[in-house]
Amino acid sequence: MLYDPARHEPLIERHWDERHARDAIARIVADTEARFSADAYWPMHPRDVEGSDDGPAWPLYHGACGVIWALTYLEGMGAATLARNYLPFVEPVRVRNAQWLAAFGPNASSYLMGDVPNLLLEYGIRPRSATLDRLETLIESNVDHPARELMWGSPGTMLAALFLHDRTGEARWSDLFRGTADKLRSQLAWSDKFGCEYWTQDLYGQKSTYLDAVHGFVATALPLIRGRHLLGSDAWTGWSATIANTIRATATHENGMVNWRAWLTQPSTRPLLMQFCHGAPGFVICLADMPGSDLDDLLLAAGEAIWAAGPLTKGSNLCHGTAGNGYAFLKLFARTSDVRWLERARAFAMHAIEQAYADERAVGRMRYSLWTGDPGLAIYLFDCIRVMPRFPTLDVFFAGTP
């Protein structure tokens, strides 16, 4: 089966209501600001706790850096007015995050977990050449990282280089982008069994063959697709063929719908997931800007599978929740101009609001995290209002960037 019905729930029947969405954004922003503490920043939500690590958390992905990014991004886009300036807190968050990272072995260059997003955030608020120099050193140091994925590896810092090139136009960022792409090209492996190329990822002491939209092949395809203008036509032609072949070779088809497994070599006993980080939503989001129509049949079939599965029981968040899946519909609307996809995105938005409120009632507070919490949902709601499918920190980092 393409998805596990137990991980999904029926869609609530509520028509799109822009005022309701704007009220939810305002409520999320106000509550997030009210819960801020200059000492502890934001409490960790019970669903984000792993083992004995009950927070507070610091990274872009699920911690204070991501919350500050979300709040300042919403203000920069005209979706909110903040009660305080968060710039004085950015560097302290970086320092605390470095202390937390030491338990994993230091990796300051990580895009979703390390120093890079803190410095990008600082540069966006207060541009300084010294910050750019620090970012250049970090991005360059990550080119050979063995993870070869978005969260820790060079694809993440390649995305950071792309954002910096878009922002500054400086050649050093395009050079780093192309150099990273060349290294990744040299690290591709070939599977005779599946007839496609893939990457291995050395993560958390294990070697994997992830395909997904955080640790896997399609996550690495995202910066290549978005930055294809920096690669040159010959290089992009090669990448385009590689990406399309692997995506097609690894798709699972059923009743006119499509999903993807988490690993190239996934055991048949492992169920398929239907969320951004593992499954069709992440594939649609990462591939939606792929030029040409070669993958359109797969992307549309994947969209139908996401809709058939329905909202996720894990909540309203971006990484493995209803808002993240909803971004796939926004992407398909932008790609096809078929209003059905916009209507579906907004239907998921209405459902996600109720999920967030129900979770707040159960826990006694909202969930303060970009990728796994309510600030990420607020951005999704704003994108449903303005019909702008820009997935936070993957499609856009600096507010106001086209």
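Analyst: Helix α2 (residues 64-76) packs with helix α3 (residues 87-101) at an angle of about 155 degrees, and their axes are 9 Å apart. Axes are lines fitted to C-alpha atoms, for helices over the stretch in contact, and angles run from 0 to 180 degrees between N-to-C directions. Helices (H or I, at least four residues) and strands (E, at least two) are DSSP runs, numbered from the N terminus.

User: What kind of model is this, and how are residues numbered?

Analyst: This is a predicted model, where local features need pLDDT of at least 70, side-chain atom pairs count only at pLDDT 80 or more, and totals for chains, interfaces and linings use all residues. Residues are numbered from 1 along each chain as its sequence is written, and side-chain values use heavy atoms, with hydrogens and water left out.

User: Back to the pair. How do α2 and α3 run relative to each other?

Analyst: α2 and α3 are roughly antiparallel. Angles over 145 degrees get that label, under 35 is roughly parallel, 65 to 115 is roughly perpendicular, and the rest are oblique.

User: Which residues meet there?

Analyst: Ala64, Cys65 and Ile68 in α2 meet Phe89, Val90 and Val93 in α3. Contact means heavy atoms within 4.5 Å. The residues of this contact divide into six nonpolar, no polar and no charged. Here Ala, Val, Leu, Ile, Met, Phe, Trp, Tyr, Cys and Pro count as nonpolar, Asp, Glu, Lys and Arg as charged, and the others, Gly among them, as polar.

User: What about α5 and α6? How do they cross?

Analyst: The axes of helix α5 (residues 129-141) and helix α6 (residues 154-168) come within 10 Å and cross at roughly 150 degrees. So α5 and α6 are roughly antiparallel too. In their contact, Leu132, Leu135 and Ile139 of α5 meet Thr157, Ala160, Ala161, Leu164 and Thr168 of α6. Those residues divide into six nonpolar, two polar and no charged.

User: New topic. Which residues touch the most other members of the largest nonpolar core?

Analyst: Trp42, Tyr111, Ile247, Trp371 and Tyr380 do, out of 145 residues in that core. Helix α14 (residues 339-363) gives the most to this core, with 10 residues. A nonpolar core is a set of buried Ala, Val, Leu, Ile, Met, Phe, Trp, Tyr and Cys residues joined through side-chain atoms within 4.5 Å. Buried means under 20% relative accessible area, exposed over 50%, and partly exposed in between (1.4 Å probe, protein chains only).

User: What does Trp42 touch?

Analyst: Leaving out residues up to four places away in sequence, its contacts include Ala64, Ile68 and Tyr368. Ala64 and Ile68 are also among the α2 residues that meet α3.

User: Is Asp359 buried or exposed?

Analyst: Asp359 counts as buried, because its relative accessibility is 17%. Asp359 lies in helix α14. Not counting residues up to four places away in sequence, Asp359 touches His45, Arg47 and Arg365.

User: Where is Tyr204?

Analyst: Tyr204 sits in the loop between β3 (201-203) and β4 (206-208). Tyr204 has a positive phi of about 55 degrees although it is not a glycine. Tyr204 is exposed, at 55% relative accessible area.

User: And Thr393, buried or exposed?

Analyst: Thr393 is buried, at 0% relative accessibility. Its phi is near 70 degrees, a positive value in a residue other than glycine. Thr393 lies in the segment after α15 (374-386).
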